[in-house]
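Hi there,

Here is the structure I promised to pass on to you. Have a look at it first, and then read my notes below.

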Amino acid sequence: MELRRLTKDDISACSDLAESRSWPREESKWEFLLAHGEGWGLFDEQGLVGTTIVTHYPELASISMVLVDERAARQGHARRLVSHVLDTGVSTLFATEMGRPLYEQLGFHAVGFTDIHAGTFTGPAAGVSRLAAEADLDDVVALDTKVTGITRPYLWEWLLRMGTIRISDHGVAGTWRVRTQRMLIGPVIADTPADTCALIADCAAGVPSVRVDVHDPEVIAFVRANGMESWGEATWMVRGAEQLPGDRARYRAPLLQALG
């Protein structure tokens with residue numbers, strides 16, 4: 001097996017691998033993550049066998065996209081990939097039920113969860129937010145850094161150009177279309193669960209297909225009451241620290257589990 005860095009030339013193979021494991025085929029997501037992170041792939045004579053991506057921030061590293069082809073499953077390849085990107089600092093990731101035992105063996109422990117929801121949001125807009133402009137960017141980045149404990153201005157700069165950012169008196173939410181037909185909502189930062197619901201409603205109303213990953217019981221109940229269905233839970237895990245940094249009580253939804 002050859003272990004090497006992934007490049008843009010590998011995106012189609014990465015998407016094929018994801019699709020083969022019942023993940024969505026999202027080339028734009030792979031392109032974004034490889035542009036801002038470090039991707040690694042295992043290759044054999046038949047092609048791509050496994051992947052992982054690590055996104056480095058000043059405060060921690062976020063590990064994602066751990067995938068292994070079914071033909072090479074249960075042979076230790078996921079362990080090799082994740083071990084390759086681990087260092088002595090703080091690392092975080094989201095784990096499926098299948099992957100959690102491996103990550104626990106590698107020193108990760110659970111600090112929370114997110115419930116993945118997708119579908120057509122059937123409720124009306126709340127009307128509490130406005131679209132952000134360039135002049136808002138510094139304040140949005142400062143809020144995100146305070147709440148998440150990680151420094152990632154590029155994310156909000158990218159959302160302002162390629163997606164949308166909505167601001168209310170009590171929070172901020174970003175959106176991004178990872179595929180033409182589906183909108184991802186997040187990050188969502190809000191003072192209360194009710195503020196979170198209002199921001200989600202403003203982002204999701206009238207959109208044919210939406211995904212948002214949330215953990216507050218009140219927000220979960222709200223999105224389910226408005227047409228969204230659960231795709232299952234993912235466990236938020238950390239290694240090298242007891243908890244994740246920042247004011248996490250106000251971090252209501254990530255944009256991508258891949259970004260911490």
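Let me start with a definition: a residue is called buried when its relative accessible area is under 20%, exposed when over 50%, and partly exposed in between, using a 1.4 Å probe and protein chains only. By that rule, Arg130 is partly exposed, with a relative accessible area of 42%.

Two notes on the source. This is a predicted model, in which local features need pLDDT of at least 70 and side-chain atom pairs count only at pLDDT 80 or more, while totals for chains, interfaces and linings use all residues. Residues are numbered from 1 along each chain as its sequence is written, and side-chain values use heavy atoms, with hydrogens and water left out.

Now to the salt bridges. Side chains of opposite charge can pair when their charged atoms come close. Here a salt bridge means a side-chain nitrogen of Lys or Arg within 4 Å of a carboxyl oxygen of Asp or Glu. How many salt bridges does the structure hold? There are 18.

Arg130 has Asp136 as a salt-bridge partner, with their closest N and O atoms 3.0 Å apart. Asp136 is buried, because its relative accessible area is 14%. Salt bridges with shared partners also join Asp16, Glu19, Arg25 and Glu27 into one network.

Another pair is Arg224 and Asp115, whose side chains meet in a salt bridge at 2.8 Å, N to O. Arg224 sits in helix H8 (residues 217–225) and Asp115 in strand E6 (residues 109–119), so this pair ties together parts that are 109 residues apart in sequence. For helices (H or I, at least four residues) and strands (E, at least two), the names follow DSSP runs, numbered from the N terminus. Arg224 is partly exposed at 42% relative accessible area, whereas Asp115 is buried at 3%.

Arg71 and Asp44 form a salt bridge too, at 2.6 Å, N to O. With a relative accessible area of 34%, Arg71 is partly exposed.

Finally, have a look at Pro193, which lies in helix H7 (residues 193–204). Is Pro193 buried or partly exposed? Pro193 counts as partly exposed, because its relative accessibility is 23%. Leaving aside residues up to four places away in sequence, Pro193 touches Asp216, Glu218, Val219 and Arg252, where contact means heavy atoms within 4.5 Å.

Enjoy exploring!
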